[in-house]
Amino acid sequence: MPKHLQHPAIALWVMWLACVFSVPLLARTPYHTDLFGIMLWNMLLAALPLVFAAGFELLMKRNKLLPAVFLLVPWLFFLPNAPYLVTDLIHLNWFTFEPPGGLYLRELRPWLILAVTALFCLVGIAMGALSMHLVLHRLRMLYGKIAAGLALGVSSLLVGIGIYIGRFLRFNSWDVLNPVRLLREFFSGFDGFALRYSLLMAVFFAGSYAVFLCFIGKEDTA
């Protein structure tokens, strides 16, 4: 892994582990414990793109081009799972933060759940951005900034489509193993909303990556 990314990567994995191990403690709440099962599963899926991207970076560093390229396939299929976590915020509608007759809910547990859910989302977005950067870092070194920029644009668009497929069509990343059914469902229901939603999520992911770049150190050429 490039030196300028080693410390951010370690910090991110520590935060990821903290989120994962916090789930059994928070699941003792009487409020809709299904939320934590959903978040835990999605956090596990969000880590996979970073694992594949790190493997890609390692193989490229060892000049093993063909295995590295093969790793890009599962990386791209699982990449939408990282920013997908932000859509889990919709599950907070299970709670009434503004009850009738009061300004806001004066009970700590739901607010704790909101804070932890937001942290899950931030970690997931950061993991997606870091995995994207590992891939783009290597592409930029080999093919230049234009190729890396094109890869970012295409990947962001596919991420937006992937989030739409996961949230509204309820497919998973491994459903690409049944492409006929997936494509049939996708094109049969693809309308103006689907296009706008996919573009929104694509811009969101690209924007998140741009923010991520503001917080990492200067790139090295290792």
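Throughout these legends, a contact means heavy atoms within 4.5 Å. This is a predicted model, in which local features need pLDDT of at least 70 and side-chain atom pairs count only at pLDDT 80 or more, while totals for chains, interfaces and linings use all residues. Residues are numbered from 1 along each chain as its sequence is written, and side-chain values use heavy atoms, with hydrogens and water left out.

**View 1. The protein chain has eight helices and zero strands.** Helices (H or I, at least four residues) and strands (E, at least two) are DSSP runs, numbered from the N terminus. Along the sequence the pattern reads α-α-α-α-α-α-α-α. Among contacts between residues at least 6 apart in sequence, 79% join residues at least 24 apart. Of the 222 residues, 43% count as buried; buried means under 20% relative accessible area, exposed over 50% and partly exposed in between (1.4 Å probe, protein chains only).

**View 2. Met132 and Leu136 touch the most other members of the largest nonpolar core, which has 57 residues.** Two or more residues of this core come from each of α1 (3-26), α2 (34-61), α3 (65-78), α4 (81-84), α5 (108-143), α6, α7 and α8 (192-213). Helix α2 gives the largest share, 13 residues. A nonpolar core is a set of buried Ala, Val, Leu, Ile, Met, Phe, Trp, Tyr and Cys residues joined through side-chain atoms within 4.5 Å. Take a look around Leu136: leaving aside neighbours within four places in sequence, Leu136 is in contact with Ala148, Ala151, Leu152 and Tyr209.

**View 3. Ser198 sits in helix α8.** Ser198 counts as buried because its relative accessible area is 2%. Its side chain reaches the backbone oxygen of Ala194 at 2.8 Å. Beyond neighbours within four places in sequence, Ser198 is in contact with Gly160, Ile161, Tyr164 and Phe190.

**View 4. Trp41, Leu44, Trp174 and Leu177 make a nonpolar surface patch of about 450 Å².** Patches of this kind take residues with over 30% relative accessible area and no salt bridge, with nonpolar side chains (Val, Leu, Ile, Met, Phe, Trp, Tyr) joined within 5 Å. A salt bridge is a side-chain nitrogen of Lys or Arg within 4 Å of a carboxyl oxygen of Asp or Glu. Leu177 lies in the loop between α6 (145-169) and α7 (179-189), and Leu177 counts as exposed because its relative accessible area is 75%. For the whole chain, the accessible surface comes to about 12100 Å², of which 71% belongs to carbon and sulfur atoms. Accessible areas come from the Shrake-Rupley method with a 1.4 Å probe; for residues, only the protein chains shown count as cover.

Technical notes: Patch = residues over 30% accessible without salt bridge, like charges linked within 9 Å, V, L, I, M, F, W, Y side chains within 5 Å. Polar contact = N/O pair within 3.5 Å; in protein donor to acceptor, adjacent residues only side chain to side chain.
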